[in-house]
Amino acid sequence: CNILYLALPITLTVATPVDDLAEVDYSLNRFPAVFQPFIDLDLKGTVFPAGNYTDSPYMAAPFTIPDQSDSMLYLAFSEYFFQTSSFAYYTAGAFNMTIAEETCSYFNINTEIFGSIIPEVAKYSVIPYPVMLKLMATEIPVISLEKDSFTVDIEGSMEVLAVLPDSTTQSLFTMNIAANTSISLNIFDQKLMGSLCLNR
């Protein structure tokens with residue numbers, strides 16, 4: 001009888017855009033393992049900045065899925081997937097943002113509020129001026145998986161600028177920020193729900 005053999009190139013990069021900033025490579029790490037009750041697919045799961053397939057600074061550690069058979073499909077994501085995601089979005093500048101004057105004004109954030117906390121600001125700005133905030137991550141956010149949750153450690157800075165009457169800006173001060181956040185995921189009423197807790 002005739003037999004058809006297919007050679008599968010497992011080293012081929014199979015990248016799919018996640019959004020405008022990142023792509024995910026889900027190529028096979030090894031050939032699929034076919035067993036009588038299931039098929040085991042070991043996919044790479046590396047996230048890159050869009051169009052930039054540089055080597056990731058992280059090493060993928062092997063892991064196993066608990067032996068269960070009461071569902072049709074099981075998906076498991078390692079820390080490596082989240083670490084490369086964090087690296088990709090940090091490289092693309094996704095963690096840098098500017099909170100515009102209009103947003104700050106809506107929440108009544110102006111130089112007078114900061115002047116009541118920082119005397120130097122009060123000396124500079126006698127008349128209350130609207131402000132804008134520039135936030136940026138100074139390090140790659142660290143994502144750690146825990147049982148039933150994961151934590152995110154972010155180090156960054158916030159620059160506060162006064163918006164002057166001629167629409168120019170004047171930097172008032174810059175402060176460092178460190179935040180630790182826990183995120184728990186649960187399935188409720190067949191929906192994936194998340195809860196966020198700011199630890200510090």
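Visitor: How many bridges join strand 8 to strand 9?
Guide: Strands of a sheet pair through backbone hydrogen bonds, either parallel or antiparallel. Here five bridges join strand 8 (residues 142–146) to strand 9, and the two run antiparallel. Strands are DSSP runs of E, at least two residues, and helices are runs of H or I, at least four, numbered from the N terminus. Two strands pair if DSSP finds at least two bridges between them. Glu-146 stands opposite Ser-149 in strand 9. The hairpin has two residues between the strands, and Asp-148 takes a positive phi near 65° there.

Visitor: What should I know about the model and its numbering?
Guide: This is a predicted model: local features need pLDDT of at least 70, side-chain atom pairs count only at pLDDT 80 or more, and totals for chains, interfaces and linings use all residues. Residues are numbered from 1 along each chain as its sequence is written, and side-chain values use heavy atoms, with hydrogens and water left out.

Visitor: Which strand do seven bridges join to strand 9?
Guide: Strand 7 (residues 131–137), again antiparallel. Leu-135 has Met-158 in strand 9 as its bridge partner.

Visitor: Is strand 9 mostly covered or open?
Guide: Mostly covered: eleven of the 15 residues in strand 9 (149–163) are buried. Buried means under 20% relative accessible area, exposed over 50%, partly exposed in between (1.4 Å probe, protein chains only).

Visitor: In what order do the three strands of the open sheet lie?
Guide: The order is 1-2-5, with antiparallel pairing. Strand 1 (15–17) and strand 5 (46–49) are the edges, and each pairs on one side only.
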